Amino acid sequence: VKIAERVRALLGRDAVLEDTGAPDGVPRVAPASPDAVALLLGTARTEGWRVRVEGAGTWMPADAPADLALTTRRLDRIPAVQPQDLTATAEAGIGCDLLRQELADHGVWLALDPPGLAGRTLGSVVATATAGPLRHGFGGVRDHLLGVTFVTGDGRLIQSGGRVMKNVAGYDLTRLQAGGFGAFGVIVLVHLRLRALPRKDETLILEGSREDLSRVSDEIAAAGLTLAALELFSPPLARRDRWVLAVRLAGSAPLVAQEEAGLRAASGGAFAALRAEEAHAFWMRAAEAFATRPVTLRVGGLPDSTDELLDLVQHQLGDEWVSASPGTGMIRWTGDATVDRLRRLRRALAILEVPLTLERAPWLLRRAVGHFGAYREGVGPLVAGLRQTFDPTSALAVAVESDEHGG
Amino acid sequence: MIDRAVVNGLRQIVGDAHVRMAPAERATYSKDGLTTHERLPGVVVLPDTRDEVIAVIRLLASHGVPFVPRGAGTGLSGGALAGDDAVLLVLTRLNRILKIDPANRRAIVEPGVVNVKLSAAAAPHGLLYAPDPSSQTSCTIGGNVAENAGGPHCLKYGATVNHVLALEVVLADGQVVQLGSPAGEAWGPDLVGVFVGSEGNFGVATRITVRLLPVPRAVRTLLADFGSLRTAGEAVSAVIASGIVPAALEMMDQSCISAVEDSVYAAGYPRDAAAVLLVELDGRDDSAVQAEAASVDTILRQHEARSVRTASDARERERLWQGRKKAFGAMGRVSRDLVVQDAVVPRSSLPDVLEKIGEIAGRYRLTVSNVFHAGDGNLHPNISFDGRVPGLRERVEAASGEIMAACIAVGGTITGEHGIGLDKLRYMPLIFDADSLAAMRGVRRVFDPGERVNPGKVVPLHACREWTQAPSLRAAEGAA
């Protein structure tokens, strides 16, 4: 109550959400501007408050022990969309669904299809660097960012990058924030690189055994096709009886037609095209599935090790809610897992020089395992130093490292 | 000057022949591609292996000696210059391509590998290394990493940071760290992304894992000729807004065209054009690329292109590109000195900014040639002048400042690919506030607590919050 009153005095009465208090009873605070976030975190530093950062509450469980929860949900404006420049600026608390609609109204597209529910916030996607199948054709989250504004754990408002297509002025703190899981500050504003809305957007799928579909994806890779996405789904994830290899083509009508012909030639013509509404439902269901089970993680291997890594993940975690991007080597798994199993899998992957990133999990599990866990040679002290630079009092409740590695 | 014990130690590590002490030898390394800055390094050392690099850095750490990593010295910001109290660590002998992995489209290289040689080595596998700065026949991959180098084709394929997956880095204290992973997943926070473009301030990359791309099977290169800079700029916006992503979209103005056509790099550009656009489209399928080229042709003509010519064969395409890539060299004929500027603006602002640059040039009575990556909005206004003329350098400085201010005023930035180095330090406070600059300095100190690697570059210390709020710090530096 004391903290809530203090925050009300600082940011106004409506800054503390009365009707949607956090499950653990801590005050949930919704600053309405980047400056208000800075003021709140500056005060948190002087008061010694520990702060949990939340978005829409649809991805990371809102369960990190804290004195208050800072939600970005009132940072939901889109200050600028410049279709002629293919750029936009959006606040971190905007839902991806609303952003997508606003951009489409201007004829532009953010080529990201992150896992999770449609209303997941942009800030959550950036902070966790959770790219979806479109990573194959358009790169990871960091490749869509021109700049970010963020607030450090001690309340400093920092700008990084800008809103133009190329920018090497100063060190690239934008990339530090993309996938930093909030360890280096609270993202409040994001400058985005966009694409023209594709004139044509086709999805084709092929069902079969994992082995057969792996062979087909190899043939597709050898054909050098320009695909927006190439994703392999396990049967439960695709809600089919067998594995599914899904291809998405996006671009001008002639380009999509050419690539579709190339795809059919490379695969023996076996792919089936989905109608637009079927395609939308297919990709959306798969994305949502990753937010419905307790734990989601990603594994980043080399393209030619996808099969081996899929075997390893399934063997260690004993579940089959998994997707893989054979072209990029990225695997995403979701299900229920224990600390021991996750640690064992991470150790096995580390031997193969493959990182495992814990994307979402209950606090106790992510505290024990860490989003990143063990690092490669020499990286641990650098991450600790960066944490100290951007959150000197450890005000932000983030489980970056594994307990077993002294995190 | 560098302590004798340090010099002897360097000699023991790399051999006498690879430690350069004579003034004439050091003078070779006193400038980079931006010749308006000059510093004579205390010692130049050229190690041959990563182990020698580690040993050199550990020796320098033990004596607290600052050092500056340098590749081929083609940078354009005064970024690879060392003063007489510092050692210049030249990495051009570490020029081995360690591995090409065609199955995963990866290569592992040493920092001194020349950019174009990597693509040549990958070509038998049908692969290429996409970032292609104009200096690619001489610049090194290590230098590209330090500067996050771009090039014409980064419009479609991205700059260096989009192609670097993992790095082995030697920190200022000699510790070796492994950043990133071969697959491109960050393995913790994206420290590869933070390191690329850090201008040598965070350490020395000794092994670089990069992504290779398939060589496009079909390519079309178009040359469009415009009667005004404004219509050319508007055509650029129209092409981008159409949804077609050219591999490259470059612009040259009349002054640049004349310089190229008067040189050995003459490419057959129309001399009476106010501007030309060089547009390249590529892809897997020839008919799809041809269809996109036809669409671009139509857009260019709709925006008042006087003519649009398509290169008929690979030879003509190479000739068109040679004119563009050697334009800076061609300008060497125009005058004794050249300032190569670098700024980025929103693409839709290009027509207005180009007119503003013309107005600034007229007011200062200077020759400014524009050759740039129009598709990215990445300008290169180049000022030709004779530095021996009294007062002219000051006019060039003042005009450069006004050009930067004009770019910033429309929401642009002060560098898109050349970096800050020494040259742009003074502009940093125009785009970043004191807290943001202090945060950058904080990151630098995580990698290099003593700030010994490439000191005095990128972040203007006087503009940082901690500096403006700490009189004792100012006094200490003033005394030093």
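**View 1. Strands E11(A) and E13(A) side by side.** In this predicted model, E11(A) and E13(A) run antiparallel and are joined by 9 bridges. Strands here are DSSP runs (E) of at least two residues and helices are DSSP runs (H or I) of at least four, numbered from the N terminus; two strands pair if DSSP finds at least two bridges between them. Look for A:Gly208, whose bridge partner in E13(A) is A:Trp243. E11(A) also pairs with E14(A), again in the antiparallel sense, over 2 bridges. There, A:Ile205 has A:Ala272 in E14(A) as its bridge partner.

A word on reading these views: residues are numbered from 1 along each chain as its sequence is written, with chains lettered from A and ligands numbered from 1 in the order in which they are written. Local features need pLDDT of at least 70 and side-chain atom pairs count only at pLDDT 80 or more, while totals for chains, interfaces and linings use all residues, and side-chain values use heavy atoms, leaving out hydrogens and water.

**View 2. The open sheet of chain A.** Step back to find 8 strands in the order E14-E11-E13-E12-E16-E17-E15-E18, with antiparallel pairing. Strand E14 (272–273) and strand E18 (356–360) stand at the edges with a single partner strand each, so one side of each has no neighbour in the sheet. E18(A) pairs with strand E15 (residues 295–300) of chain A over 4 bridges, in the antiparallel sense. In this pairing A:Arg298 stands opposite A:Thr357 in E18(A).

**View 3. Helix H7 of chain A, between strands and a helix.** H7(A) lies across strand E11 (200–208), strand E12 (229–233) and strand E13 (243–251) of chain A, and runs at about 25° to E13(A). Its axis also comes within 9 Å of that of helix H9 (residues 253–267) of chain A, crossing at roughly 130°. Axes are lines fitted to C-alpha atoms, for helices over the stretch in contact, with angles from 0 to 180 degrees between N-to-C directions. H7(A) and H9(A) are therefore oblique to each other (under 35 degrees counts as roughly parallel, over 145 as roughly antiparallel, 65 to 115 as roughly perpendicular and the rest as oblique). A:Val216, A:Glu219, A:Ile220 and A:Ala223 in H7(A) meet A:Leu263, A:Ala266 and A:Ser267 in H9(A), where contact means heavy atoms within 4.5 Å.

**View 4. Helices H14(A) and H16(B), across two chains.** Helix H14 (residues 379–390) of chain A and helix H16 (residues 434–447) of chain B cross at roughly 155°, their axes coming within 9 Å. H14(A) and H16(B) are therefore roughly antiparallel. Among the residues that meet are A:Leu386 and A:Phe390 from H14(A), with B:Val443 and B:Phe447 from H16(B).

**View 5. Helices H13 and H14 of chain B.** The axes of helix H13 (residues 350–364) and helix H14 (residues 392–409) of chain B come within 10 Å and cross at roughly 160°; H13(B) and H14(B) are therefore roughly antiparallel. Residues that meet include B:Ile357 and B:Tyr364 in H13(B), and B:Ala399 and B:Ile403 in H14(B).

**View 6. Confidence in chain B.** Chain B averages a pLDDT of 94, and 96% of the residues score at least 70; pLDDT is the predictor's confidence in each residue, from 0 to 100. Over residues 471–480 of chain B the pLDDT is below 50, and this stretch has 8 contacts in the model beyond near neighbours in sequence. Where pLDDT is low, the predicted coordinates should not be read in detail. The model scores ipTM 0.96 and pTM 0.95.
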